[in-house]
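Hi,

Here is the structure I promised to pass on. Have a look at it first, and then read my notes below.

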Amino acid sequence: MTLQPFAIYSGAPQNIFVLVSLLVCLIPTTIGGLLSAIGIAGMDRMIQRNVIAMSGRAVEASGDVDVLLLDKTGTITLGNRAATDFFPAPGIEEGYLADAAQLSSLADETPEGRSIVVLAKERYKLRGRDLSSHSTIFIPFSAQTRMSGVDIDGREIRKGALEAISRLTKGRGNGIPNELEHCVREIANAGGTPLLVAENGRVLGAIALTDIVKGGMKDRFDHLRAMGIRTMMITGDNPLTAAAIARQAGVDDFLAEATPEDKMALIKSEQAKGKLVAMTGDGTNDAPALAQADVGVAMNTGTQAAKEAGNMVDLDSNPTKLIEIVEIGKQLLITRGALTTFSVANDVAKYFAIIPAMFAGAFPVLNVLNVMHLRTPQSAILSAVIFNALIIIALIPLALRGVRYRPLGAAALLQRNILIYGVGGIVAPFFGIKFIDILLTYLRIV
């Protein structure tokens, strides 16, 4: 619409064939035709890894993630924490501590709870308890109290984190002995998790739970750091234990003693800084944070509330797969960026074929731009149109396979794209259009 008035004024009016050809060749038809293939390929790579993405936007967002929130237990560590030792408080027999710890864990179906029962059984032959004749009330663990336990025959036994038991004992006028606090710090500094046991508001001692950081996690976090992604570990452990595990795993930061409200506050804080946040979760208490996160990956074994809140579901229920999801998203975005660079460069090269063909008759000086030495204006325009159609077909395999992702910085990726796809996008049309022009002339089609 803008060139035709100029062409008429110059004495070189163009027919509709030339104008439509110009429109088809110079608008971004290449990347427009490939966007669907790139998106489908990204979704397909998710499915191959047993991840169901609720939308294409979720896959794209995963490639822009700045902060990755990972649960400690089962994600960074093996997740099967086990009780390894009892540390009684001064004046308390270890057997008495083991008895109280086992009673508080009989209804605890977690791996930690079962391991406490087993450790007491192995060391002190505490087995075959019949509680039917006793007045027994089991107290389940909750995120608010951070304790669990049992009320039996007038004994109020509780086990939980240091802070929770400390609040309980202080409310009864007792405190944590200095020797036990020192023991708790040693357990935490070694990467273990200390649990305290109290009876009727008096501390009996500590239980050491140990967990092991998964092999290769440090390398994976180094890989993410090279991508420019900041990793944060979320755990209900005390700060000392969290710091020790964070050092072993190589994460950038951690949030200790985390409650569902703390997770939400952390995500909102990062988003307020303009960051995109990804996290995993499986419980109902994770649902608000999964919904708030830009990329929320729910475990298939998790609750229905978690699945509905997240925008992806991992059928394998493997929390570490979040790292692979981010890599797939990065590859999708890099593929789109590379092919967009190629498309724009392609269009620049086509100007050298079409513009001289349109106006060389009115302005002979424009023949200087005919660097491909195309035979006639008609063959030049038809060659450009044919090349434009063929290049889209030729690039579909690349769009489906994806450009290989390497953990490079933004500047390095831009330089690589310009050198490979920018220069390639300019050079390819010169050879392609020239070859088609020779073929059309040889076949006498124009």
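How do the axes of helix H3 and H16 cross, and within what distance do they come? Before the answer, one caution: this is a predicted model. The axes of H3, which covers residues 29-48, and H16 come within 9 Å and cross at roughly 20 degrees. An angle under 35 degrees counts as roughly parallel, so H3 and H16 are roughly parallel to each other. H3 passes H16 in a right-handed crossing. On the H3 side the contact is made by Thr29, Thr30, Leu34, Ala37, Ile38, Ala41 and Arg45. The H16 side brings in Asn388, Ile391, Ile392, Leu395, Ile396, Ala399, Leu400 and Arg401.

H16 (377-401) turns up again with H17, as one of the helices that the buried residues of H17 pack against; helix H15 (321-359) is named along with it. H17 runs over residues 410-442, which makes 33 residues. At 1.5 Å a residue H17 should span 48 Å, and its end C-alpha atoms are 47 Å apart, so the two values agree. There is a bend on the way, though: about 30 degrees at Ile418. If you want to pick out the buried residues of H17, they are Leu413, Arg416, Asn417, Tyr421, Gly422, Gly425, Pro429, Gly432, Ile433, Ile436, Asp437 and Leu440. Just after H17 comes Arg444, with a positive phi of about 60 degrees.

H15 also packs with helix H4, which is made of residues 56-63. Here the angle is about 95 degrees and the axes are 6 Å apart. That makes H4 roughly perpendicular to H15. From H4, Val59, Glu60, Ser62 and Gly63 take part, and they meet Ile325, Val326, Gly329, Lys330, Leu332, Leu333 and Arg336 in H15.

Another pair to look at is helix H6 (residues 94-105) and helix H7 (residues 111-124). Their axes come within 9 Å and cross at roughly 145 degrees, and H6 passes H7 in a left-handed crossing. H6 makes the contact through Glu94, Gly95, Ala98, Ala101, Gln102 and Ser105, while H7 uses Gly113, Ile116, Val117, Ala120, Lys121, Arg123 and Tyr124.

Now some single residues. Most residues other than glycine have a negative phi. Phi of Asn50 is positive, near 60 degrees, and Asn50 sits in the loop between H3 and strand E1 (51-53). With a relative accessible area of 31%, Asn50 is partly exposed. Asn200 has a positive phi near 50 degrees and lies in the loop between strand E7 (193-199) and strand E8 (202-210). Its relative accessible area is 38%, so Asn200 is partly exposed too.

If you leave aside neighbours within four places in sequence, Thr169 is in contact with Asn174, Gly175, Ile176, Ala198, Gly201, Arg202 and Val203.

Last, Val20. This residue is in helix H2, residues 16-26, and counts as partly exposed at 42% relative accessibility. Val20 and Arg230 are 210 residues apart along the chain, and their C-alpha atoms are separated by 49 Å.

Cheers

Definitions and conventions
Residues are numbered from 1 along each chain as its sequence is written. This is a predicted model: local features need pLDDT of at least 70, side-chain atom pairs count only at pLDDT 80 or more; totals for chains, interfaces and linings use all residues. Side-chain values use heavy atoms; hydrogens and water are left out. Helices (H or I, at least four residues) and strands (E, at least two) are DSSP runs, numbered from the N terminus. The expected span of a helix is 1.5 Å times one less than its number of residues. The bend at a residue is the angle between axes fitted to the seven residues ending there and the seven starting there. Buried means under 20% relative accessible area, exposed over 50%, partly exposed in between (1.4 Å probe, protein chains only). Contact means heavy atoms within 4.5 Å. Axes are lines fitted to C-alpha atoms, for helices over the stretch in contact, and angles run from 0 to 180 degrees between N-to-C directions. Angles under 35 degrees count as roughly parallel, over 145 as roughly antiparallel, 65 to 115 as roughly perpendicular and the rest as oblique. A crossing is left-handed if the near helix is turned anticlockwise from the far one by less than a right angle, and right-handed if clockwise.
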